[in-house]
Amino acid sequence: MTEEKRTEIKIAPSVLSADFSKMGECVVAVEKAGADLIHMDVMDGVFVPNITFGIKMVADIRKITSLPLDCHLMIVNPEKYVKKFANAGADYITVHYEACKENTLSVLRLIKECGVKAGLAINPDTPFELVENMLPHCDLFLVMSVFPGFGGQKFISDVLEKCLKIKDIIIKNNYNCVLEIDGGINEQTSKLAVGAGCDILVAGSAVFGAEDQKKAIEILKR
Ligand code: DX5
Ligand code: ZN
């Protein structure tokens, strides 16, 4: 990939690693520190073995930031909630292929009908070939570099090959789709992810665990 084709890398801090008792302050702080999007991990305790927050959190955060809200739905039957998250102010809604295998395209269409950018996520062990035909329908494609459910896990470098392949197809076909990676992103792995063509890096612990968030975001962007 030539340098001219490379758009600026964006950092999406995941509020999963924020102090939930100070969520508003945490979001304002990362916005000031240079975050490009706010990544919101919605977990239902069914699709993943953890529970976080839902629609009201998105609506409340919408009121205090002008950054795009990147909502990552780790829930079963996502189609039931798409409209609600859209109305709450989500800018991106990303659903998991593994949660809507039978109706992936109709869920992506529903997200777009709600006026929101549509994202599709795949787990580290899901082959990209299973969803390749969905790529023209995605505004965002999310490659999970950990198994979803928890922050602070180790980056699975096997997924880099998948990223390269996806980016290549996006460029060759001129698809209007950004490539995002989520899980285990830090100073070292961010370089690997960018090298593999990722446009948006989600980072939870690397940003919220840092003493100097501005510096942490700058390092990830380099
Ligand atoms: C995991 C979530 C991630 C998580 C990333 O299921 O989707 O967004 O917060 O956290 P780190 O960056 O700490 O791996
Ligand atoms: Zn996430």
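The following questions and answers go through a predicted model and set its values against the definitions of the terms used.

Visitor: What do the numbers and letters refer to, and which atoms count?
Guide: Residues are numbered from 1 along each chain as its sequence is written, chains are lettered from A and ligands numbered from 1 in the order in which they are written, and side-chain values use heavy atoms, with hydrogens and water left out. In this predicted model, local features need pLDDT of at least 70 and side-chain atom pairs count only at pLDDT 80 or more, while totals for chains, interfaces and linings use all residues.

Visitor: What do H39 and H72 tie together?
Guide: Helices (H or I, at least four residues) and strands (E, at least two) are DSSP runs, numbered from the N terminus. H39 is in strand 2 and H72 in strand 3, so the pair ties together parts that are 33 residues apart in sequence. Both residues are buried, a word that means under 20% relative accessible area, with exposed over 50% and partly exposed in between (1.4 Å probe, protein chains only).

Visitor: Why is K165 called partly exposed?
Guide: K165, in helix 5 (residues 159–173), has 39% relative accessibility and therefore counts as partly exposed.

Visitor: Is N174 buried or exposed?
Guide: N174 has 69% relative accessibility, so N174 counts as exposed. This residue is in the loop between helix 5 and strand 7 (178–182).

Visitor: What about N77?
Guide: N77 has a relative accessible area of 34% and is partly exposed. N77 lies in the loop between strand 3 and helix 3 (82–88), and its phi, also positive, is near 50°.

Visitor: How do you know that the buried residues of helix 6 line one face?
Guide: The arc is taken from the directions from the helix axis to the C-beta atoms. In helix 6 (residues 187–195), T189, S190, A193 and V194 are buried. Down the axis of helix 6 these fall within an arc of 140°, so they line one face of the helix. Q188, K191 and G195, on the other side of helix 6, are exposed.

Visitor: Which residues of helix 1 are buried?
Guide: In helix 1 (residues 23–32) they are M23, C26, V27 and V30. They cover an arc of only 95° around the axis, which puts them on the same side of helix 1. On the other side, E25 and K32 are exposed.
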